Amino acid sequence: MTARPAVEGWFSTGAVPELLGDRCAACGVVSFPPGRSACADPACGSDRLVRDPIGRAGTVWSLTDARYQPPAPYRAAEPYEPFGIAAVAVEPHGIVVLGQLAHGVSVADLAVGDRVELVVETLFADESGDELVWRWAPEVAG
Amino acid sequence: MTSRDDVVVLGAGMHPWGKWDRSYADLGVHAARSALADAGVDWPDVQLIVGGESVRNGYPGYVAGATFAHALGWTGARIASCYAACATGAQAIQTARAHILAGLCDVALVVAADRVPKGFLAPNAGDRPDDPDWLRFRLVGASNPTYFALYARRRMDLFGATSADFAAVKAKNARHGLHNPNARYRKEVSVDEVLASPVVADPLHLLDICATSDGAAAVVLTSADRAQRLDRRAEVRVRAVSTVSPTFPNTEIDMPDFATEAASGDVSAGSFRASIARAAYEEAGIGPEDVSVAEVYDLSTAYELDWYEHLGLCAPGEAERLLRDGVTTLGGACPVNPSGGLACFGEAPPAQAIAQVCELTWQLRGTAGARQVEGATVGISANQGLFGHGSSVVVVR
């Protein structure tokens, strides 16, 4: 059994995982997800983009949950288990990034403005192994 | 209030929204014939047909202009088709308007239809890991109500909005749509009924979220000169069409985005949604204080409240008060969604922005019957299509 990211190059999977984005080598603008053709700033337009860590923690901008199973291509285990979703203002750039809440964390556990950090968990598992995804969990103090 | 830069709405027509056992082409033809009859224009006299595309009806949907032209009978008319998700109708109207203002034609028919399966809207089928719309479902399970709910929750935490406030939008729109023959749902809905319906995406309940529908809408547009020759000078006019896109850095997260491009502001004048109406006001040379009626895109009840602020009908955080004071209810100073809105129609995405203009046309003519906004002279629509499409139309009479 192997574990692999559900999408290549959007997050790191080490002991302290981080989001990966495009950082413009010309002007420093960062964007997520990575894979742009050129810098997001039209006044720059450079195509010299570097894939770089862009942050791993921040504050909840807003949050919700998915009480009913989302349609394909989402893959859910049976029986369906609702999950939370948060939009998080990620430090230091402040861009707001969407992600599921970590397993066991519900929308009732968090409020707008609360601190969260990135964790990597299994999104979907089958006989070929686990697919990993970034998620948001309440920040562990210290 | 006339200008040579106006295009004139000679006719408006719809196929009622609902779930119909009729083909995609049939729905569009019904709306087109209804608009042509209303305009007093024969189909062979139409010089340009613009079709708003559907992505859910195979090839006929992709080549909407040709589909409807063929269905009405080939006349050699010029054809255009365009797609901008929920903002498709505004792009189609703008295409026809630009042809007319450029002098390339002076009678154009704009028509869009859709047939939409029940339940969550889903991305196109197939394995498409380069498509953000596919990826947001695959990686996050983010359906459209996910995004609706993020903004609803934001209103609660920032402005103290309550679930009852959201439900009151549904109750208002349900009353507005009661007598609209084109609406799918014509039944009063109470605040308690909304709150008793299941939560789909916290904090939004099932009855806070619009359904998906089949429907079609059409308008016949002509030049100011031709309207004058036809002695139709008093008709409703299109004074502005805003099809703006976001500016960098986009601070709003919207379908199908994973992220903003900078720290996200609050519901504010700097947002993309506010820029949609601002561009329309600037082009029309009017401001929010001139608006007598608005049709806005209430994908969710909470979004309607956001739109009050994006349209400048009130300051950020004051939409709930505006609603409670009855300002946006029929009989108030600026009724919003007298048609009943998406709450009563459900969503037939490419046709929706045209349907908004149909309603505003009837309102400004004074022919909206039991849902008439008394003395309406200026109407504005507001809407947004995923992937960064603004849509706002100003009509005057």
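**Where the two chains meet**

In this predicted model, begin by selecting the boundary between the chains, where 30 residues of chain B are in contact with 36 residues of chain A. On the chain B side, α5 (132–140), α6 (144–159), β5 (199–201) and β9 (259–263) each supply at least two of the residues that touch chain A. Coloured by class, this side of chain B divides into 19 nonpolar, five polar and six charged residues.

Next, select strand β7 (residues 95–101) of chain A together with β9(B), which pair in the antiparallel sense over two bridges. Here I95(A) stands opposite A263(B) in β9(B).

**Helix α6 of chain B**

Now move to α6(B), where 12 of the 16 residues are buried, so that the helix is largely enclosed by the rest of the structure. Among the buried residues you can pick out Y147(B), F148(B), R153(B) and R154(B). What covers the buried residues includes β5 (57–66) and β6 (83–90) of chain A, together with α7, β5, β6 (204–205) and α11 of chain B.

**Two crossing helices**

Finally, select helix α7 (residues 163–177) and helix α11 (residues 301–310) of chain B, which pack at an angle of about 90° with their axes 8 Å apart, and are therefore roughly perpendicular to each other. To see the contact itself, show F166(B), A167(B), V169(B) and K170(B) of α7(B) with T301(B), A302(B), E304(B) and L305(B) of α11(B); by class, this contact has five nonpolar, one polar and two charged residues.

Conventions
Residues are numbered from 1 along each chain as its sequence is written. Chains are lettered from A and ligands numbered from 1 in the order in which they are written. This is a predicted model: local features need pLDDT of at least 70, side-chain atom pairs count only at pLDDT 80 or more; totals for chains, interfaces and linings use all residues. Two residues are in contact if their C-beta atoms, placed from the backbone, lie within 7 Å. Helices (H or I, at least four residues) and strands (E, at least two) are DSSP runs, numbered from the N terminus. Ala, Val, Leu, Ile, Met, Phe, Trp, Tyr, Cys and Pro count as nonpolar, Asp, Glu, Lys and Arg as charged, and the others, Gly among them, as polar. Two strands pair if DSSP finds at least two bridges between them. Axes are lines fitted to C-alpha atoms, for helices over the stretch in contact, and angles run from 0 to 180 degrees between N-to-C directions. Angles under 35 degrees count as roughly parallel, over 145 as roughly antiparallel, 65 to 115 as roughly perpendicular and the rest as oblique. A residue is buried if 20 or more other C-beta atoms lie within 10 Å of its own, exposed if 12 or fewer, and partly exposed in between; C-beta atoms are placed from the backbone.
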